[in-house]
Amino acid sequence: MTSTNIDQHTRLIGRQLSRSAELFERAQRVITGGNARLAIFQRHHPIYFAKGTGVHLVDVDGNIYLDFLNNFTALIHGHGCRPVLDRLRDQLELGVGFSGPTKLEVELAELLCGRVPYFDQIRFMNSGTEAVMYTIKAARALTGRPKIAKIEGSFHGSYDSVEVSLDSAPANWGSQSAPSGIPYSTGMSESVVADTVVLPFNEIGATREILEGNRDNLAAVIIDVLPQRAGLVPIDPTYLAFLREFTARHGIVLISDEVMSFRLSYRGGITRFGFEADLCAFAKIIGGGLPIGAVGGPSRFMLPFDTTNGKALVPQAGTFSANPISMAAGIAAMQCLSEQDFQRLDDLGEYARSSLVEMFRQQHLPYSVTGMGSMFRIHLGPEAPKDYREAYVAPEQQEKMDTLIWALQKRGVIVSPTCQLCLSTPMSTDHIEEMVTSVREAAQILETA
């Protein structure tokens with residue numbers, strides 16, 4: 001990054017967000033809660049963005065930011081990727097949606113099945129939440145069983161079954177070896193909680209005991225090999241091997257939620273660890289920045305969606321499913337994403353994590369880092385957490401985390417509300433170094449205060 005841009009970021013500390021404040025005031029009159037997305041961090045009000053170019057965002061007040069969130073990991077090529085924009089412009093002239101399929105969905109499905117070894121077939125939908133929902137429906141249809149099992153603290157979208165124990169706390173989460181099932185939202189059915197089995201992450205002994213006690217009623221075990229809400233701690237390969245063997249032996253469907261972790265490798269998240277799932281739910285990067293979701297897997301596990309012989313066991317439809325705009329953007333984005341690009345992002349991610357760890361050590365700052373590939377997360381504690389409970393941010397710590405994130409925003413760096421960061425292909429070591437400097441300055445001010 002040029003010295004001019006660095007100066008712009010530095011000056012951002014003292015600049016105002018008056019137009020964002022005005023927009024939030026207007027929004028509160030017509031949008032419940034003031035904005036349409038729960039996960040957008042607010043300190044007084046959210047920042048309203050006007051433009052994105054490459055690695056940068058510009059807000060409505062003209063402030064420039066380094067984007068280390070990339071619309072919550074969806075924009076793997078950053079903002080304004082030229083091949084994606086060109087493909088979108090061409091498709092906009094042809095049409096944005098039809099009451100029938102297009103060649104584009106075939107092309108994107110062929111591209112993805114050609115990359116992921118265990119994908120025979122794919123179904124497209126509109127979000128990661130939908131993708132997870134349909135994998136669970138398919139698992140229940142295939143097995144005739146009602147229950148699913150998930151890792152404590154893992155986020156799998158806004159679907160009742162997978163929201164159980166999403167944000168349990170010390171007061172209600174139960175024992176480490178047998179986590180309690182805790183409703184996420186008011187009004188969640190007791191039967192939903194009863195049909196969701198909660199597992200301790202990377203603990204083979206306790207997980208085996210829980211699964212053995214529920215195996216005859218389990219339709220699926222859903223995992224994320226890099227669960228972001230559970231600390232962004234990579235799954236232990238021996239734990240994954242155990243889950244793969246156990247589910248296969250007992251006829252339980254193993255679902256890999258790769259809505260975020262599909263960006264871990266050219267062939268997807270779980271294959272990076274040397275394993276294959278029965279069904280995969282994925283989204284985000286495959287849409288080139290547009291709304292998308294998908295389910296993929298071997299033909300025998302995709303069978304519930306088949307309509308060739310009449311009504312499917314699991315009917316799946318949607319007005320915007322496989323819409324040509326998302327398909328076109330997805331094809332362009334994935335064609336621009338080579339194995340070499342993934343290796344470069346891996347190397348850059350490792351550079352970012354090691355640079356942060358070294359900076360924390362040199363500055364005697366009590367922080368740690370977790371992550372893998374192009375994703376990483378900063379934690380308020382000197383020891384990197386190993387699971388959701390260790391990564392849990394208590395209410396008294398949340399204010400400190402919010403202050404750190406706000407201080408980063410004032411220095412022109414955008415991160416998630418949990419201080420998770422991700423990379424995009426236009427990024428370089430210069431951007432990493434600028435981010436590390438901003439984290440150092442923000443953390444030093446926070447610790448001094």
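These legends walk through several close-up views of a predicted model. Local features are given where pLDDT is at least 70, side-chain atom pairs count only at pLDDT 80 or more, and totals for chains, interfaces and linings use all residues. Residues are numbered from 1 along each chain as its sequence is written, and side-chain values use heavy atoms, with hydrogens and water left out.

**View 1**
Welcome to the second largest pocket, which holds about 750 Å³ of space. A pocket here is an open set of points on a 1 Å grid over the protein atoms alone, with protein on both sides within 12 Å along at least five of seven lines, and lining residues have an atom within 4 Å of a point. Grid points are joined across faces, edges and corners, and a volume is the space filled by probe spheres set on the points. The lining counts 38 residues, and Phe49, Leu57, Asp67, Asn71 and His79 lie nearest the centre. Strand 1 (49–53), helix 3 (70–73) and helix 4 (82–94) each bring at least two residues to the lining, with strand 1 giving the most, four residues. Helices (H or I, at least four residues) and strands (E, at least two) are DSSP runs, numbered from the N terminus. By class, the lining holds 24 nonpolar, eleven polar and three charged residues; Ala, Val, Leu, Ile, Met, Phe, Trp, Tyr, Cys and Pro count as nonpolar, Asp, Glu, Lys and Arg as charged, and the others, Gly among them, as polar.

Phe49 sits in strand 1 and is partly exposed, at 38% relative accessible area. On this scale, buried means under 20% relative accessible area, exposed over 50%, and partly exposed in between (1.4 Å probe, protein chains only). Leaving aside neighbours within four places in sequence, Phe49 is in contact (heavy atoms within 4.5 Å) with Leu57, Val58, Asp59, Val60, Tyr65 and Ile414. Asn70 counts as buried because its relative accessibility is 0%. Thr73, also placed in helix 3, has a positive phi near 80° and is buried, with a relative accessible area of 2%.

The whole structure has one cavity of 30 Å³ or more, where a cavity is a set of grid points at which a 1.4 Å probe fits but cannot get out. The largest cavity holds about 30 Å³ of space and is lined by Glu152, Gln176, Pro200, Phe201, Asp387, Tyr388 and Arg389. That lining divides into three nonpolar, one polar and three charged residues. Glu152 belongs to the loop between strand 5 (147–151) and helix 7 (160–163), and is buried at 4% relative accessible area. Beyond four places in sequence, the contacts of Glu152 include Trp173, Val198, Tyr388 and Arg389.

**View 1. Leu112 in the largest nonpolar core.**
A nonpolar core is a set of buried Ala, Val, Leu, Ile, Met, Phe, Trp, Tyr and Cys residues joined through side-chain atoms within 4.5 Å. The largest has 90 residues, of which Phe68, Leu112, Phe124, Leu356 and Met435 touch the most other members. Setting aside neighbours within four places in sequence, Leu112 is in contact with Phe119, Ile122, Phe124, Phe262, Phe282, Ile286 and Met334. A second, separate core of 23 residues includes Met133, Ile136, Val162 and Leu279.

Helix 14 (residues 339–363) has 25 residues and should span 36 Å at 1.5 Å a residue; its end C-alpha atoms are 36 Å apart, which agrees. The expected span is 1.5 Å times one less than the number of residues. Among the packing partners of its buried residues are helix 5 (103–115), strand 11 (368–372) and helix 17 (429–448). Arg353, found in helix 14, counts as buried because its relative accessibility is 11%. Not counting residues up to four places away in sequence, Arg353 touches Asp346, Val369, Thr370, Gly371, Met372, Gly373, Met375 and Phe376. After the helix comes His364, with a positive phi near 55°.

**View 2. Helix 13 under cover.**
Helix 13 (residues 324–335) is mostly covered, with eleven of its twelve residues buried. Among them are Pro324, Ile325, Met327 and Met334. Helix 4, helix 5 and strand 4 (121–125) are included in what covers these buried residues.
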